[in-house]
Amino acid sequence: MQKIAVYCGSNFGESKNYFDATQELGRLLAEQNLGLVYGGGKVGLMGTIADAVLAHGGHVTGVIPTFLRELEKAHDGLSELIETPDMTVRKQEMIVRADAYIAMPGGVGTFEELFEVLSMGQLRLQQKPIGLLDVDGFYQPLLALIEQAITSGFMPESNRTLMVVDSNPQTLLDKMRAYEPVYTQKWHQPQWMQD
């Protein structure tokens, strides 16, 4: 891993723990010479992760669509800022430029970015590590939903291994370094069709 895309909220969230975890992750990325690829804004947790990496001497690449340049207040102090025509190109730029992905607490945009790389992993279109930084159990409902999808026969059990999860930024990075993709057959017939 040399560059990590971090997906996170353009708001701060109600718990200061989200902010603290974001600052800690940013510090670790810089200290471990891991470049940050993120959405390019200077608001919310997005701005926090960029500022933390920069404050510790790290490299930050921001990718922002033109229409969000003012709405999310494009960060003007980055190592590199790439402007894209739309959200689709932004997401693709971030995917291509990163060697791994981390989702932190966030909203719909964060979920969309996370699910895109998870889907690509399931379809073997990418084999890069995906991490969930589960601050204060933020992602427990999502993990429960994934378990429900597995139990209900919509996902293979191996999909649990598409991402690693931890509440501690350093432990999460360690797990991501050790990540090995595991694949099984995605499609199967339910038991009721075989009877």
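Helices here are DSSP runs of H or I with at least four residues, numbered from the N terminus. With that in hand I opened the file, a predicted model.

**Entry 1, the sheet.** I traced the strands to start with. They make an open sheet of seven, ordered β4-β3-β2-β1-β5-β6-β7, and the pairing is parallel. The edge places go to β4 (80–84) and β7 (164–166); each has a single partner strand, so one side of each has no neighbour in the sheet. I also looked up the twist, which averages 20° from one strand to the next.

**Entry 2, pairings.** I went through some neighbours in turn. β3 (residues 60–65) pairs with β4 in the parallel sense through five bridges, and I found Gly62 opposite Leu81 of β4. β1 and β2 (residues 35–38) run parallel and are joined by three bridges; here Ile4 sits opposite Leu36 in β2. β5 and β6 are parallel too, with three bridges between them. Ala103 has Leu132 of β6 as its bridge partner.

Which residues of β6 are buried, and on which sides? I noted Ile130 and Leu132 on one side, Gly131 and Leu133 on the other, all four buried, so both faces of the strand are covered. β1 is mostly covered, with four of its five residues buried.

Next I turned to helix α5 (residues 108–122), where Phe111 has its place. Is Phe111 buried, or partly exposed? Its relative accessibility is 32%, so I put it down as partly exposed. Phe111 belongs to a nonpolar surface patch with Val108 and Phe115. Together the three have about 290 Å² of accessible area.

Last, I looked at two backbone angles. Arg124 has phi near 65°, a positive value in a residue other than glycine. I found Arg124 in the loop between α5 and β6, and its relative accessible area of 47% makes it partly exposed. Asp136 also has a positive phi, near 55°, and again this is a residue other than glycine. Asp136 lies in the loop that runs between β6 and α6 (140–151).

Definitions and conventions. Residues are numbered from 1 along each chain as its sequence is written. This is a predicted model: local features need pLDDT of at least 70, side-chain atom pairs count only at pLDDT 80 or more; totals for chains, interfaces and linings use all residues. Side-chain values use heavy atoms; hydrogens and water are left out. Patches are made of residues with over 30% relative accessible area and no salt bridge: like charges are joined within 9 Å, nonpolar side chains (Val, Leu, Ile, Met, Phe, Trp, Tyr) within 5 Å. Accessible areas come from the Shrake-Rupley method with a 1.4 Å probe; for residues, only the protein chains shown count as cover. A salt bridge is a side-chain nitrogen of Lys or Arg within 4 Å of a carboxyl oxygen of Asp or Glu. Buried means under 20% relative accessible area, exposed over 50%, partly exposed in between (1.4 Å probe, protein chains only). Two strands pair if DSSP finds at least two bridges between them. Axes are lines fitted to C-alpha atoms, for helices over the stretch in contact, and angles run from 0 to 180 degrees between N-to-C directions.
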